[in-house]
Amino acid sequence: MTEKSIETLPVTNENCATCPVHNAANLKKLGLNLENTDYVVALAGNPNVGKSTVFNALTGLKQHTGNWPGKTVTRAEGAYEYAEKNYKIVDLPGTYSLLATSLDEEVARNFILFGQPDVTIVVVDASRLERNLNLVLQILEITDRVVVCLNLIDEAERHGLTVDDRRLSRDLGVPVVPTSARFGIGMEDLLAAVHEVATEQIKNKPYQIESEPTEIKFAVNELVKQITSIYPDLPNPRWVALRLLDGDQEIISAVQNGEINGLVQAGVEEDKRIEFLEVTN
């Protein structure tokens, strides 16, 4: 991995004026009540990494469950207060990937992509880190507002494993916080890291994979140019381009109707969209 850094910014009113970044309209469509909410946090991770334990440690009794609108998948959401700000946290279904080949993957991906949470916490198992990093890297393709929760450090130590969290943070370009949620270890540090990313005290510079063949790289670059000309504020045009080339029908539809940018761009001429879609098909 190429070494990346995390840029620390001073707290100013100008920086905070840009927060929160979540898409309120799409979050409401996804069934969230944002009353008395300053920031929205997504909680993602592979199955069996202690994600629910992290969720319970952060929210305590301030949580409830229901189903995602139109889905049979259960949604757990909760709340907590930190530094006089109210956070709503949504526990996404445990998943190994965001390629949307299952309903759980679809729900998790759509929340991160369309809801644009202010922070996404990715919980990983410190004793099985390698298999967890695939999801981390996929999420970093969608958003740079990520905190990695390096959970189960007690299990890793029991197996004689030590993870250099500072090196991992530098390599990934996002905060990495060692925790053992079931014992309450590291939770204050996790809260602080989430708050710093949400309020842009930390500006992440995440690592992203760029290993496509020359032909694919050319096609991606051409698509990115067209996507950004239509949706200049889209935070993840390269990821969208890759999914379009892969024939992801849901992403194609989202680009067609403007949902990919949170809401339909009234200023986008129809002929530009038609020209763009002809290239992608």
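Hi everyone. When I say contact today, I mean heavy atoms within 4.5 Å. And please keep in mind that this is a predicted model.

With that in hand, let's start at Glu155, which sits in helix 6, residues 153–158. Which residues does Glu155 touch, once we set aside those up to four places away in sequence? The answer is Ser127 and Arg182. With Arg182 there is also a polar contact: the side chains of Glu155 and Arg182 are joined at 2.8 Å.

Next stop, Val73. You'll find Val73 in the loop between strand 3 (63–67) and strand 4 (74–82). Is Val73 buried or exposed? Its relative accessibility is 8%, and buried means under 20%, so Val73 counts as buried. Around Val73, leaving out neighbours within four places in sequence, the contacts are Gly66, Asn67, Trp68, Pro93, Leu103, Asp104 and Val107. Take Asp104 from that list: Val73 and Asp104 are 31 residues apart along the chain, and their C-alpha atoms are separated by 6.9 Å.

Last, a pair of helices. Helix 9 covers residues 214–230 and helix 10 covers 237–245; the two pack at an angle of about 120 degrees, with 9 Å between their axes. The crossing of helix 9 past helix 10 is right-handed. Who makes the contact? From helix 9 we have Ala219, Val220, Leu223, Val224, Ile227 and Thr228, and from helix 10 Pro237, Arg238, Val240, Ala241, Leu242, Leu244 and Leu245. Sorted by class, this contact of helix 9 with helix 10 has eleven nonpolar residues, one polar and one charged.

Technical notes
Residues numbered from 1 in each chain as written. Predicted model: local features only at pLDDT ≥ 70, side-chain atom pairs only at ≥ 80, totals over all residues. Heavy atoms only, no water. Helix = DSSP H or I, 4+ residues; strand = E, 2+ residues; numbered from the N terminus. Polar contact = N/O pair within 3.5 Å; in protein donor to acceptor, adjacent residues only side chain to side chain. Buried < 20%, exposed > 50% of the residue type's maximum accessible area, 1.4 Å probe, protein only. Axes fitted to C-alpha atoms, helices over the stretch in contact; angles between N-to-C directions. Left-handed = near helix turned anticlockwise from the far one by under 90°. Nonpolar A, V, L, I, M, F, W, Y, C, P; charged D, E, K, R; others polar.
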